[in-house]
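The sequence and model are shown here.

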Amino acid sequence: MDLLEIISKRRSVRQFLPDHVETEKIDYLLECARLAPSAVNAQPWKFLVVKSPEKKALLHQCYNRDWFAVAPVYILALGDTGRSWKRKADGKDHCDIDVTIAFEHIVLAATEKGLGTCWVCNFDVELCYKLFDLPAGIIPVAITPIGYPAHDLETVTNRKTIREITEII
Ligand SMILES: Cc1cc2nc3c(=O)[nH]c(=O)nc-3n(C[C@H](O)[C@H](O)[C@H](O)COP(=O)(O)O)c2cc1C
């Protein structure tokens, strides 16, 4: 698959087969995240691979949806604002941007490997800090469940056109 094909095939998956996800595949996703670019190469990220029933239960409390409770594995992406680059001109912290790029690498790599994912940001951040014992300065950026999709997925169509999103100046 070329990159456009992978991007077109990636959809938010909210139903998963119970099948085990191979450790080599998770390692591949993490390698793709590891190689992501970041401002001043700060790499201000950490990825919690959530596999144990106990930690999964904590994650489900943070995002309490039936569909979210059934994936074999999850990744919680954390940003370290103590390491991330802040632009001098306006102090803008690039932590979120860096973590987001690496996280999308994970998501696209998962698609390449036939795995389903779903970006989740609408979780209870305060509870996440508490249940995962996150120190100040560490930000939980996004979560994705990972597993084999229970259904075939339609390729992406519901997007604005290039004309709508582009201006040549
Ligand atoms: C930053 C971000 C946050 C998202 N948060 C959630 C979420 O909390 N819960 C959810 O079900 N989907 C979430 N989504 C999935 C979007 O709803 C989905 O990507 C969008 O509707 C397009 O559908 P598609 O991913 O199938 O192409 C999120 C997506 C992004 C990029």
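## Ligand surroundings

The shell around the ligand comprises 5 nonpolar, 2 polar and 1 charged residues. In this classification Ala, Val, Leu, Ile, Met, Phe, Trp, Tyr, Cys and Pro count as nonpolar, Asp, Glu, Lys and Arg as charged, and the others, Gly among them, as polar. The residues surrounding the ligand are Arg11, Ser12, Cys118, Trp119, Val120, Cys121, Asn122 and Val156; a residue is near a molecule if its C-beta atom, placed from the backbone, lies within 6 Å of it.

The model is predicted: local features need pLDDT of at least 70, side-chain atom pairs count only at pLDDT 80 or more, and totals for chains, interfaces and linings use all residues. Residue numbers start from 1 along each chain as its sequence is written.

## The sheet

An open sheet of 4 strands is arranged in the order β1-β2-β4-β3, with antiparallel pairing. Its edge strands, β1 and β3, each pair on one side only. Helices (H or I, at least four residues) and strands (E, at least two) are DSSP runs numbered from the N terminus, and two strands pair if DSSP finds at least two bridges between them.

β1 and β2 are joined in the antiparallel sense over 6 bridges. Lys46 has Leu78 of β2 as its bridge partner, and Val50 stands opposite Tyr74 in β2. Between β2 and β4, which run antiparallel, there are 8 bridges; Asp80 has Ile138 of β4 as its bridge partner.

## The nonpolar core

The largest nonpolar core has 32 residues, and those with the most contacts inside it are Tyr74, Ala77, Phe103, Ile106 and Ile146. Such a core is a set of buried Ala, Val, Leu, Ile, Met, Phe, Trp, Tyr and Cys residues joined through C-beta atoms within 7 Å. The largest share of this core, 8 residues, comes from α4.

Phe103 touches Ala77, Val141 and Ala142, residues up to four places away in sequence not being counted; contact requires C-beta atoms, placed from the backbone, within 7 Å.

## The loop residue Lys113

Lys113 lies in the loop between α4 and β3 (116–117). Because Lys113 has 18 C-beta neighbours inside 10 Å, this residue counts as partly exposed. Lys113 touches Lys25 and Tyr28, not counting residues up to four places away in sequence. The C-alpha atoms of Lys113 and Leu29 are separated by 9.0 Å, although these residues are 84 residues apart along the chain.

Definitions and conventions
A residue is buried if 20 or more other C-beta atoms lie within 10 Å of its own, exposed if 12 or fewer, and partly exposed in between; C-beta atoms are placed from the backbone. Two residues are in contact if their C-beta atoms, placed from the backbone, lie within 7 Å.
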